[in-house]
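Here is a short briefing on one protein model. Keep the sequence and the 3D view open as you read.

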Amino acid sequence: MPAGNSITHMTQSQRAGYNIAEIDLSIELTWFTDSEVEGLATDGEYFYISTAETVIGNGDAWLYKLFPNGTYIDEVLVRDDTLNHCGGMVFYDGLLWIPLSERGLVPNNPSKIVRYDTDLLFIDEWINSSSIGNVHWGGICILPLLERVYIANYGTSNLYVYDLSRIRLNDIRPPPSNNIQDFVEVGGVLYCSKPGTSLDTIHVWEAADSYGNSLQSIGVMETDGASSGLTWFDGAFWTCEGLGSATLHKLSGSVSTFPSANGHDLILVTTLVAMICLALGIAIYLKRE
Ligand SMILES: [Ca+2]
């Protein structure tokens, strides 16, 4: 256990009708004293936390780097003028992709997607919302297989679909898409955290067409601890949440019961069946010869 961190074990029983994750492990980040946790991402070795200015206090839009056991490594201020709110973020193609907006859901300036490397160095502004308007971008996710980028507008339910060359392809509203906080992609499926009044939820979406230009809901699980940051590390969901404090949670539970309905599996099965049919056909043909 790292010095200064307390770890609490909690369990939660399964409930009929729901796929409930459990909190396996909680790590309080005692070095984190301000800001509001928004996003969690990992490069497979380190964790990264994005934050927003607190309603009251001295919080701001920061990016933190830490070890998965909670030990602090480094931080950088991401705030850009009035843009004081980092949203949920992802790690993709060696970089952290972070929505940066004004805190309010009806902002006075466009939001941006900014990218940082794993040394917390600013790389570039990938895109901004000026062609859409002054909207509050609060979350981002990427489907690598289909090369699609989904940017969530926290307040209006809209998800904006881009390709990797920054072309906006579609605006969609997969249900329920309001108040989506953070995303992670696992095995071609998108998982997104959404704060709840009693339990939080993790919604599960997959591509609704072969291009990924629309999404459809394929499941939901209820859990504590998933109101903000969400990522996947070492075979489990990890979350991070807090206002003026931060706690990492490792989740477990019924993740494996979710349908793994993605195009990859279908293509693999179809290819396998086709190869068997071809082999049988050749065998029969040779026998006749
Ligand atoms: Ca994330």
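Two strands pair if DSSP finds at least two bridges between them. By that rule, strand 17 (residues 189-194) and strand 18 (residues 200-207) pair in the antiparallel sense, over five bridges. The model is predicted.

- Strands of a sheet pair through backbone hydrogen bonds, either parallel or antiparallel.
- Here four strands form an open sheet in the order 16-17-18-19, and the pairing is antiparallel.
- Strand 16 (182-186) and strand 19 (215-223) are the edge strands, and each pairs on one side only.
- From one strand to the next, the twist averages 25 degrees.
- Which residue in strand 18 is the bridge partner of Cys 192? The partner is His 203.

**The largest nonpolar core**
- In soluble globular proteins, nonpolar side chains tend to be buried together.
- The largest nonpolar core in this model has 65 residues.
- Val 90, Ile 98, Ile 140 and Ile 151 touch the most other members of this core.
- Strand 12 (residues 137-143) supplies the largest share of the core, five residues.
- Take Ile 151 as an example. Leaving aside neighbours within four places in sequence, Ile 151 is in contact with Pro 99, Ile 113, Trp 137, Ile 140, Leu 159, Tyr 160 and Tyr 162.

**Thr 82**
- Thr 82 sits in the loop between strand 6 (72-77) and strand 7 (85-86).
- Why does Thr 82 count as partly exposed? Thr 82 has 13 other C-beta atoms within 10 Å, and a residue is buried at 20 or more and exposed at 12 or fewer, with partly exposed in between.
- Beyond four places in sequence, the contacts of Thr 82 are Glu 102, Asn 108 and Asn 109.
- Ser 101 is 19 residues from Thr 82 in sequence, and their C-alpha atoms are 8.0 Å apart in space.

**Thr 118**
- Thr 118 is found in the loop between strand 10 (112-116) and strand 11 (122-128).
- Thr 118 counts as partly exposed because it has 14 C-beta neighbours inside 10 Å.
- Asp 43 and Tyr 46 are in contact with Thr 118, once neighbours within four places in sequence are set aside.
- Thr 118 and Phe 91 are separated by 27 residues in sequence and by 9.2 Å in space, C-alpha to C-alpha.

Key:
Residues numbered from 1 in each chain as written. Predicted model: local features only at pLDDT ≥ 70, side-chain atom pairs only at ≥ 80, totals over all residues. Core = buried A, V, L, I, M, F, W, Y, C linked by C-beta atoms within 7 Å. Helix = DSSP H or I, 4+ residues; strand = E, 2+ residues; numbered from the N terminus. Contact = placed C-beta atoms within 7 Å. Axes fitted to C-alpha atoms, helices over the stretch in contact; angles between N-to-C directions.
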